[in-house]
Amino acid sequence: MLGGATVVRRRRRRRRAAPGPLLPTPPLPAAGGDSPAVPGRPPRPSMSQGPSPAAELPPSHCLPGRAAALAAAFIAWRRGSPGRGPALRALSRARRQDIDDVGHKYHLEFVLEDIFEKDSTVNCTAEVLYHLGNKNAAPDVQFTIEGELKNTDEADNLFYNRIKSLKNELVAENVPDSYGNVPPEMEPIRALAWAASGYVIWQNSTENTKYQLAQIKHVKQVKRSDEYLEFDYKILLHENVSQEIIPWQMTVLWHPQHGTEVTQNSRQPQHV
Amino acid sequence: MMSRGGRGEVPWVDNPRPDPAHPHLIFSPSQLDFWLAPRGTGDPVDVRVPFPSLQPLKAHLEANGIPYSIMIEDVQVSGGGGSGGRGSRHGGGGGLTLPRVPQALVDREQMQMLRRRRVLPLSTDAFDYSSYHNLDEIYAFMDLLVAENPNLVSKLEIGRTTENRPLYVLKFSKGGTNRPAIWIDTGIHSREWVTHASGVWFAKKIVQDQEKDEGLASILDQMDIFLEIVTNPDGFVFTHTTNRMWRKTRSKRSGSLCVGVDPNRNWDAGFGGSGSSSNPCSETYRGPYADSEPEVEAIVNFVKNHGNIKAFISIHSYSQLLLYPYGYTTTPVPDKEELHQLAKEAVAALSSLYGTTYKYGSIISTIYQASGGTIDWTYNQGIKYSFTFELRDTGRYGFLLPASQIVPTAQETWLALKVIMRHTREHLY
């Protein structure tokens with residue numbers, strides 16, 4: 001896949017189920033400074049034409065934190081593989097623009113790490129635009145990775161050949177298990193879920209949500225006659241604002257040269 | 001389960017949730033090596049399965065609807081077991097062939113497996129701090145700690161849960177009467193397992209360091225420490241028996257199929273506000289009224305009756321945050337500057353150990369609006385130094401933090417707690 005900026009709009013209109021009660025967006029702090037005493041909206045130009053100037057936000061504020069999590073999930077989908085799991089390490093800088101009749105746009109600078117190698121980090125920038133009008137539209141995400149991500153061709157190909165040569169379809173449950181254990185053999189399966197869930201998270205995110213992959217409840221390989229690997233996952237997403245645990249089904253296709261595709265996904269009923 | 005042909009691998013099979021309708025495995029004992037032998041219907045078994053038996057056993061289990069999971073993929077190469085940890089990433093292919101499994105390796109892994117099971121230690125020195133424990137084990141630990149340190153530690157029962165379990169608080173005191181006190185609670189949300197595990201570690205740490213650590217000794221010379229390790233026992237048991245992701249209490253109300261109230265939305269501070277839910281099925285359900293949950297009411301009564309608590313710290317996971325009030329309103333607390341500065345120092349101390357980065361700020365600006373939260377209530381009661389921690393990690397494992405991270409998490413958090421406790425002692429009010 002190519003490096004550099006990627007502009008991707010939502011693939012298709014999805015009816016997005018609300019993760020829980022819609023909480024009002026907490027007000028932003030006043031422009032400048034670090035955790036100021038009185039939060040308020042950034043000052044607007046008196047004759048507003050087009051977007052307001054970008055207001056600086058403290059990186060510890062929840063709103064840019066959610067945008068950064070979304071950007072990281074998006075990158076995990078676009079750049080992740082069985083051998084690579086990009087994850088957000090830290091948000092360094094955040095600015096926000098309110099664009100009349102369009103939405104809220106976040107400009108972010110952050111550091112990514114790899115779930116396989118925490119010391120392997122890379123700097124990124126991203127723009128995340130949450131659409132005001134159409135709440136069912138996924139946010140627009142553009143990102144740039146400074147430098148190169150670690151090459152994982154060898155690990156990816158090893159995984160690919162291993163799965164292709166299995167006599168019986170791979171099946172597993174509870175990854176990680178209750179104690180956080182992930183058997184080494186299951187790490188690539190988990191990384192693939194991490195990448196695929198990035199797509200699901202992107203499609204379902206709003207300014208009021210922050211999703212994480214919590215657990216793979218069940219995964220089953222679906223044998224294919226073509227070159228792709230296919231897995232049917234039942235995952236749990238943790239939505240950090242409502243605190244809900246949301247079961248989600250996703251059908252994932254992967255190939256070392258063609259990346260990760262979620263061909264089908266659906267929210268599942270929650271336990272009482 | 002994966003095969004890696006030609007290595008003589010020895011995968012595991014475990015049966016964690018046996019169906020009483022299918023009690024028997026039909027394989028003869030000589031074919032299977034039980035590491036946790038069958039004890040009766042409904043109990044799990046752990047089996048080491050020789051490779052040739054693997055496929056037939058799997059087929060049998062699946063055909064009979066017997067759930068199983070693989071605990072160790074390949075006994076001869078797994079370093080894992082009860083202490084968790086990620087293990088090394090699989091990168092190598094075939095090529096190495098070992099004619100048999102080294103017995104020492106097998107023995108070690110078997111021991112680690114058994115440690116995960118219910119084997120109660122005889123002293124707090126023998127307790128495994130780098131494993132997750134269940135309620136019985138933690139309650140047994142508390143009794144051991146008190147028995148070993150009768151001059152410092154006592155156990156108080158402050159109430160009972162919905163399911164009638166006792167709510168215990170450990171009191172660490174060098175004497176005096178109703179001294180100014182620090183309160184620490186862990187496990188108010190039951191799925192946040194690293195918090196209970198850290199609470200256990202804190203308890204032992206206080207006992208170990210009370211003489212040799214000057215800072216802690218000075219604190220205990222003037223103040224008492226109260227530590228409630230399992231603040232939501234019903235929920236905690238539920239995470240072990242049924243649903244690892246359970247958060248709330250286990251209270252039931254007529255009129256709803258859904259169970260439980262969010263104990264961190266049930267306090268009388270901004271109760272009922274939009275930072276909580278009125279839906280009983282929601283994870284942030286506030287409950288029918290403030291203090292409806294016995295787990296919350298017990299602490300409310302304790303705090304009011306004590307009347308001299310000066311710092312209140314409620315510990316959650318995950319997100320790596322140190323938070324001060326308010327969550328229910330954007331109005332800053334009057335002591336905001338001092339709390340912000342204290343949080344900054346505490347976070348710096350925490351980071352100094354392993355480089356773990358925390359963010360800090362008020363609840364409402366740093367995570368979200370939360371109405372009816374614990375430390376909003378305690379702050380409004382006059383307990384100035386009211387803080388909430390969100391421990392490791394930031395989402396890579398989330399609630400399912402590997403056990404290998406328990407002790408590092410507890411160690412770094414303890415440094416932050418000491419900063420808060422020291423500041424409280426130096427600024428008693």
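## Sheets, cores and an annotated glutamate

Helix α3 (residues 135-148) of chain B lies across β4 and β5 (166-172) of chain B, at about 30° to β5(B). Contact here means heavy atoms within 4.5 Å. Axes are lines fitted to C-alpha atoms, for helices over the stretch in contact, and angles run from 0 to 180 degrees between N-to-C directions. Helices (H or I, at least four residues) and strands (E, at least two) are DSSP runs, numbered from the N terminus.

This is a predicted model: local features need pLDDT of at least 70, side-chain atom pairs count only at pLDDT 80 or more, and totals for chains, interfaces and linings use all residues. Residues are numbered from 1 along each chain as its sequence is written, chains are lettered from A and ligands numbered from 1 in the order in which they are written, and side-chain values use heavy atoms, with hydrogens and water left out.

**The sheet of chain B**

Chain B has eleven helices and eleven strands. Eight strands build an open sheet with mixed pairing, in the order β4-β5-β7-β6-β8-β11-β9-β10 (chain B). Its edge strands are β4 (153-160) and β10 (359-362) of chain B, and each pairs on one side only. The twist averages 20° from one strand to the next. Two strands pair if DSSP finds at least two bridges between them. Strands of a sheet pair through backbone hydrogen bonds, either parallel or antiparallel.

**The sheet of chain A**

Chain A has an open, antiparallel sheet of five strands, ordered β7-β8-β9-β10-β11 (chain A). At its edges stand β7 (171-175) and β11 (259-267) of chain A; each has a single partner strand, so one side of each lacks a neighbour in the sheet. Neighbouring strands of this sheet are turned by 25° against each other on average, direction ignored.

| Strand pair | Sense | Bridges |
|---|---|---|
| β6 (residues 181-186) and β8 (residues 309-317), chain B | parallel | six bridges |
| β8 (residues 211-222) and β9 (residues 229-239), chain A | antiparallel | ten bridges |

Within these pairs, B:Trp183 stands opposite B:Phe312 in β8(B). A:Val219 has A:Tyr233 in β9(A) as its bridge partner.

**The cores**

A nonpolar core is a set of buried Ala, Val, Leu, Ile, Met, Phe, Trp, Tyr and Cys residues joined through side-chain atoms within 4.5 Å. Buried means under 20% relative accessible area, exposed over 50%, partly exposed in between (1.4 Å probe, protein chains only). The largest core has 134 residues; A:Leu108, A:Tyr233, B:Phe172 and B:Phe389 touch the most other members. Helix α1 (residues 62-79) of chain A gives the most to this core, with twelve residues. A second, separate core of 27 residues includes B:Trp183, B:Ile309, B:Phe312 and B:Leu321. In chain B, buried residues make up 61% of the 429 residues.

**B:Glu390**

The UniProt annotation "active site", from an unreviewed entry, covers B:Glu390. UniProt positions follow the numbering used here, feature names are shortened, and annotations may be inferred rather than shown by experiment. B:Glu390 sits in strand β11 (residues 385-391) of chain B. B:Glu390 is buried, with a relative accessible area of 10%. Not counting residues up to four places away in sequence, B:Glu390 touches several residues, including B:His316, B:Gln320 and B:Tyr358. Its side chain reaches the backbone nitrogen of B:Tyr318 at 3.4 Å. A polar contact is a pair of N or O atoms within 3.5 Å; within protein, one must be able to donate a hydrogen and the other to accept it, and residues adjacent in sequence count only if both atoms are side-chain atoms.
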